[in-house]
Amino acid sequence: MASVSTTMPAATFARPNPLRICFKEAKYEFLKCLRLPMYSVSTMLFPIMFYVLFGLVMGRQTIGSISTSVYLIPAYGTFGVMGASLFGTAATLAGDRGLGWLQVKRASPMPIYAYFLAKVVTSVIFSTVDVLALLTLGVAFGGVHIPTLVAAKLVLTLVSGSLPFCTMGLAIGYFAGPTSAPAVINIFYLPMSFCSGLWMPFMFLPKFVQKIAVFLPLLPPYHLSQLVFHQVGAGQGGPILWHWESLLGFSLVCLGIAWVGHQRDQKANG
Amino acid sequence: MRLQALVDDVLSVEEFGDGDMAIAQVVPIQRSRAHGTVAEIQGASKNFGSVRALVDFNFQVRAGELTALLGPNGAGKTTAIKLLLGLACPTSGRVSVFGADPAEATTRTRVGAMLQVGRVPESLRAAEHIDLFSSYYPNPLPISETLAIAGLEELRDRKFGDLSGGQKQRVLFALAICGNPDLLFLDEPTVGLDVEARHLLWQEIRNLLGRGKTVVLTTHYLEEADALADRVAVINKGSIIAEGTPAQIKSRTAGKKIRCVTQLSAAVIRDIKGVIDVQADREAVVIQSNHPESVLRGLLSLDLEISGIEVTSAGLEDAFLALTREEK
């Protein structure tokens, strides 16, 4: 357990190992979420269920130049990553803030970055499992043939897309109440997913929605999914760099909002 | 402030050489400090918008003692604790813990806190919560020892959400002590507990004091302050209105109460020498006096039928009610 024995004089100078704190914080944040069916089942089950229904059962058609079973991996992958990240950060943060648990943590010597890092790590893990499950299902049952290198890039891109949604989760978590958080998350999550073409191919969406998605960095799920569509040969509109820039810009704005919320909390508490 | 922390570290290192017990680490440090004050609020005011939670608040915590902050709900007890934990900053005035800023990480490694909390992650087991909080501290107690002190050995693998109210409080208590802190803040630790659980927690708190820890406890149970505290600070409407040992606080009201069933009218009783106050209480009367013996002699000679005589000390409760009434 403890790396230094308490009988050693040096022990009083020892600071607890920050890496070890981060590891434990992340481990228990992950276990906490894993054991909550509301989180683990809903974030994992829905994208996979949708993929089985629309990607595999009804997967004979093609969308644009690729088959539905390929098309829906980036789409539901983005959907899954977004859900895991938003619920993993916003819902837990809003609960911890509103019901005093964050205060107990803040009164302890825990470095606050460990708390946030744990949420990001947990979101990334659930996102990875989500994406790998979709890919495995597609390859095993959907006749999906993607070169290994492309598959690796696809997984990495989708999983890194967890970060902008974590920042968005922080922004929501700092303003939503403990009980209203899931509803607030869904108010953003579901319409954003729809407008980004995750449920219905993007070209079937109304023209003004398409314009918003393409030209304004307001719909991160659109930009993330387009990055992956490019990798599987189905990209539409906008250079790749613009999608990355949009995700980065969106994240920075969300971090700003979260910071304002953090300051507001500090003020309210004193 | 940092210098002070460093001095403390050096002092504690010297003591570490002498023995490997935690007590050896704690006691000499406290003695080395002038007046043995480990935490202090000096002339602090705290406003939340237009609400004045604390008004020119002065409070000292002495090493090795249990200080109780006693007051009704909304008196400012929790606000005072938040200032001492560095969770809130005073609007004016000064707060120091171990001579340093309470919000500094080095200060916090020597402090443990049990706060009132609405929800704790319920899917983690008792031992997992303790394992996590232990990792925040440089010299935590072994987890098995924390579990033993908090009486949680049998419940270590139980999920927090499956515990009873009293068991949950014990986990929160375990999180406060697991880092082996020198100074412990317990904010209403026994609220919602049944009598047995409350007495168990009291015993655990006494054990901590026995190991040289300093404890600050807030409560609105007068009995609790009476049973545990070396010093009581009575707080009402954001100010301390009385301070002293439980006995000193109690002596602020008339000494004894005599309760008896008698035919005598209140006016006749008032004429007996030594009677301070007479009040009807259902079928009986309650007489306050500093000289109960002479009052009893008078009563017995005037009423041969007198019955149901009880003589009790005025409790902390009476003192408290009297003190808060004075305030109004």
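Predicted model: local features only at pLDDT ≥ 70, side-chain atom pairs only at ≥ 80, totals over all residues.
Two strands pair if DSSP finds at least two bridges between them. I'm jotting that down first, as I need it for β8(B) and β9(B), which pair in the antiparallel sense over five bridges.

**Entry 1: around β8(B)**

I began with strand β8 of chain B, residues 231–236. How many of its six residues are buried? I got five, so I'd call β8(B) mostly covered, with 20 or more other C-beta atoms within 10 Å as the cut-off for buried.

Next I looked up the partners of β8(B). Strand β9, residues 239–244 of chain B, is one of them, running antiparallel to β8(B). Across that pairing, I found Ala233(B) opposite Glu243(B). The hairpin of these strands has two residues between them, and in it Lys237(B) takes a positive phi near 50 degrees.

Then I checked β3(B), residues 66–70, which is joined to β8(B) by four bridges and runs parallel to it. Here Leu70(B) faces Val234(B). I kept a note on strands in general: in a regular one the side chains alternate between the two faces of the sheet.

**Entry 2: an open sheet in chain B**

I moved on to a three-stranded open sheet, where the order is β2-β1-β4 and the pairing is antiparallel. Why is one side of β2(B) and of β4(B) left without a neighbour in the sheet? β2 (51–62) and β4 (92–97) stand at the edges, so each has a single partner strand. From one strand to the next, I read an average twist of 15 degrees.

I looked at one pairing in detail: β1(B), residues 37–48, is connected to β4(B) through five bridges. In that pairing Glu40(B) sits opposite Ser96(B). I also found helix α3 of chain B, residues 77–84, packed on this sheet and touching β1, β2 and β4. Its direction is about 120 degrees from that of β1(B).

**Entry 3: the cores**

Leu70(B) came back when I looked up the largest nonpolar core, which has 141 residues. Leu70(B) is among those with the most contacts inside this core, along with Ala90(A), Leu84(B), Ala174(B) and Phe185(B). Which helix gives the most to this core? I found that it is α3 of chain A (residues 68–98), with 16 residues.

Leaving out residues up to four places away in sequence, Phe185(B) touches Ile81(B), Leu84(B), Leu85(B), Val111(B), Ala113(B), Met114(B) and Val216(B). There is also a second, separate core of eight residues, including Ile258(B), Val275(B), Leu296(B) and Leu299(B).

Is Ile287(B) buried or exposed? I counted it as buried, because it has 27 C-beta neighbours inside 10 Å. Beyond four places in sequence, its contacts are Ile258(B), Ile269(B), Val275(B), Val278(B) and Val295(B). I also checked Cys260(B): it is 27 residues from Ile287(B) in sequence, with 8.4 Å from C-alpha to C-alpha.

**Entry 4: two loop residues**

I compared two residues that have a positive phi although neither is a glycine: Asn180(B) at about 55 degrees and Arg282(B) at about 50 degrees. Asn180(B) is in the loop between α7 (165–177) and β6 (183–187), while Arg282(B) is in the loop between β11 (275–281) and β12 (284–289). Asn180(B) has 23 other C-beta atoms within 10 Å, so I marked it as buried. Arg282(B) has 8 within that distance, so I marked it as exposed.

**Entry 5: a helix pair in chain A**

I finished the close-ups with helices α6 (residues 148–160) and α10 (residues 220–231) of chain A, whose axes are 10 Å apart at an angle of about 175 degrees. Angles over 145 degrees count as roughly antiparallel, so that is what I called α6(A) and α10(A).

From α6(A), the contact uses Val150(A), Lys153(A), Leu154(A), Thr157(A) and Leu158(A). From α10(A), I listed Leu227(A), Val228(A) and Gln231(A). Sorted by class, this contact has five nonpolar residues, two polar and one charged.

**Entry 6: chain B overall**

Lastly, I looked up totals for chain B. This chain has 13 helices and 13 strands, and 43% of its 328 residues count as buried. Of its contacts with a separation of 6 or more, 68% are between residues 24 or more positions apart.

Methods. Residues numbered from 1 in each chain as written. Chains lettered and ligands numbered in written order. Core = buried A, V, L, I, M, F, W, Y, C linked by C-beta atoms within 7 Å. Buried ≥ 20, exposed ≤ 12 C-beta atoms within 10 Å, placed from the backbone. Contact = placed C-beta atoms within 7 Å. Axes fitted to C-alpha atoms, helices over the stretch in contact; angles between N-to-C directions. Parallel < 35°, antiparallel > 145°, perpendicular 65-115°, else oblique. Nonpolar A, V, L, I, M, F, W, Y, C, P; charged D, E, K, R; others polar.
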